[in-house]
Structures are given as structure tokens and as C-alpha cells.
Amino acid sequence: MATETAAHKPAAQPITVPAGSLDGFYCEQYKGIETDSGNYFKNYAFLGKGGSGIAYLVQATSGAYRGGLFVLKGLHRTSDWARLKRFRQERAFLKTLNHPNLLRLIDEGEYYGRPFIAQPYAPETLRQALGGKALPFGTALAFACQLLSALQALHNQNVLHRDIKPENIFVNGAHVQLGDFGLIKHLDGAADAADRDDFQGYRAGAFYYRTPELAAYANGTGALDLRSDIFQLGLVLAELFSGRNPLSKAENFTDAISLNSVARINGRYAPRVVSAINGMLAINPGERASIEKALDDFTGIFEQYAKDHHDLHGQFFLN
């Protein structure tokens, strides 16, 4: 690898903060920003802005990742203590990740009190990939296996995600990654009142992917449980294969969970897929499939699908 030279390190560029916008994170196009590790990223495009974060497409211009494309995610509401706390919690957690289907941290920094992280770039979210309809069966099957693997890795650390939905899943070809860990909870003890209040104010994020446990927890009548993530991912998998989320509409986050039948899935493997999804969507967590059982189910279907779709030239295709 070529030795890095000073020419590859642009002068530090300040984040431009317009007058009257002191709570924002702004990076001008084609400007560079230095990370805590001394690396530089140059902003090439604005990708989007959410309730508390803003994202840019950047290229590493120095360091081991020079030339690579990444997403720089900054917090633009630093005056909101709860959001700042969640951002820093997420940033700390990202440093512990080492699984190919969990969106990890590449670098980090803080500029004028505004924290940011750099993560691998994926061209679209699962919501965009779905486009209002089911994915091709082979693609959906491959994504299901990867997402279950990612969830198993989280649960092996006793970490509850709480916000699994297509907007927080990132797609790059046949590769998919679970991201956005702002609501994670380490289940190493009882949730305290402050944590419950914090989630009460933020619970709208998963409204269309509610679970029995999250609804009860938000209502003050239940505890957090890793099995909640299995239910939430089950809703996403139903959408992958059928194009429809089976969760019935509700007026309030705390309403009882009601499910419609999984919408029609075509093909010879459909009965096995529907059975596996229904196992993940059992209302009673004691009857719900474990993460190991769900992963066994889908990898078993994938194996059979692979054998049946291996063409004469030895090439496996996902569509």
C-alpha cells in the first residue's frame, strides 16, 4: 500500500453553521472533516435528515480507508440531552460490533461539540428496496438469513434492538445490514424509570412495527424482553416475502397487538416460509420461536432453495 503523504491530508475544514442555527450539524459540499483518529473525509452529497441526525455521502481522503465511500452521520440537535445521550450510547456500542450484517463504526469525531460517526455506505434502505412490494423470493430468503444472523449476534450480547424496521436496514446488492442502534437496551437488569420515560417519548419510531412486549412496556405493565426483537423482525420478514406488514392498524402505541394473516407468498417454499414467520409472530412470547429456531428454519429453506436452483453451469442465482 502506498505510503500516506501530507498531500493526501487536506487542511481541516470547519463545519459552517449559519447564524441562528446553533443547534445544527452542517458540512459544506466538497469540504473535509477530520476525525478523532486524524483521518479525513470529504463531503460529496447530502443523503438525508431525520429527527435528530443528518447524513452525508463522504469519501475517505486519508488513512487506511482512503478512496472508500462512507456515510457520515452527525447529530444536529445537540441541545436535546436525551438525543445526545442516545447518540453517544450508539457510538460506544458500534465500537463493539464485529459482525458482517451489523452496521459498524469506521471512525468518529466531534467538531464544535457536534458528534459524528462514519459508517459503511449502502446505496439504499430496505424500505427503498421494497418499493411497496415483495422482493424476489431468493433475495428475500438471503436477506432473512442475514438479518436473523445479525439479530442472533445482538442477542448473544444480551442486547435488545427495539427499532427493527425497513428504514433501519441497509442494502448493498445481495448484502444487508441492520443498523440504527439508538434505542438499544442492554438487558443486564431491570429497566429504570428514566429509561422508561425516555422510550415513552421516542416510541413513535417503531409504531408500525410494535410488539406485545414494547406496547406493554410503554404502558408500564411489562418488562423488556429479547423475544420482542424476534416478533419485530418477523413483521419485517413477512413484508419481505409478501409485500405487506401483517400488523393491524392501531390508534395508540399501547393498543393490544392484532395481526392479519401473512399475505400470499407464491412458490413451492411458501408453506415453510409462512410457518417460520408465524412462529416468530406468536403473541405469547413463551410460544414464540427462539432466534436459533428461526435461523434453523430459514437456513434450512435456503439450503433446499439453493439445491433446487443451481443451474447447469454451477451458478447459483437469488432471484
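In this protein, residues 24 or more positions apart account for 62% of the contacts with a separation of 6 or more. The model is a predicted one, and the protein in it contains eight helices and eleven strands. Of its 319 residues, 49% count as buried.

**The nonpolar cores**

- The largest nonpolar core holds 59 residues, and Leu-237, Phe-241 and Phe-298 are the ones that touch the most other members.
- At least two residues of this core are supplied by each of α1 (81-94), α2 (126-130), α3 (137-156), β9 (169-172), β10 (175-178), α6 (227-242), α7 (270-280) and α8 (291-308).
- The largest share, twelve residues, comes from α3.
- Another core, of 14 residues, lies apart from this one, and its members include Ile-33, Val-58, Tyr-111 and Phe-116.

**Phe-298 and the aromatic rings**

- If residues up to four places away in sequence are not counted, Phe-298 touches Leu-141, Ala-144, Cys-145, Leu-148, Leu-237, Phe-241, Val-273, Ala-276, Ile-277 and Met-280.
- Phe-298 also belongs to a cluster linked by ring pairs, together with Phe-137, Phe-241, Tyr-269 and Tyr-305.
- The count of aromatic pairs comes to 13.
- A charged side chain is also placed against a ring, with Arg-210 lying over the face of Phe-207 at 5.8 Å from the ring centre.

**Helix α6**

- Of the 16 residues of α6, 15 are buried, so this helix is largely enclosed by the rest of the structure.
- At 1.5 Å a residue, the 16 residues of α6 should span 22 Å, and this agrees with its end C-alpha atoms, which are 23 Å apart.
- Just after α6 comes Gly-243, which takes a positive phi of about 85°.

**An open sheet of three strands**

- Three strands, in the order β7-β9-β10, form an open sheet in which the pairing is antiparallel.
- The edge strands of this sheet are β7 (124-125) and β10, each of which pairs on one side only.
- Between β9 and β10 the antiparallel pairing runs over four bridges, and Ile-169 stands opposite Leu-178 in β10.
- In general, strands of a sheet pair through backbone hydrogen bonds, either parallel or antiparallel.

**Positive phi at residues other than glycine**

- Asn-158 is not a glycine, yet it has a positive phi of about 60°, and its place is in the loop between α3 and β8 (159-160).
- Asp-180 counts as partly exposed at 28% relative accessibility.

Technical notes:
Residues numbered from 1 in each chain as written. Predicted model: local features only at pLDDT ≥ 70, side-chain atom pairs only at ≥ 80, totals over all residues. Heavy atoms only, no water. Core = buried A, V, L, I, M, F, W, Y, C linked by side-chain atoms within 4.5 Å. Buried < 20%, exposed > 50% of the residue type's maximum accessible area, 1.4 Å probe, protein only. Contact = heavy atoms within 4.5 Å. Phe/Tyr/Trp six-rings, centres within 6.5 Å; stacked < 30°, edge-to-face > 60°. Lys NZ or Arg CZ within 6 Å of the ring centre and 35° of its normal. Expected span 1.5 Å × (residues − 1). Pairing = 2+ DSSP bridges.
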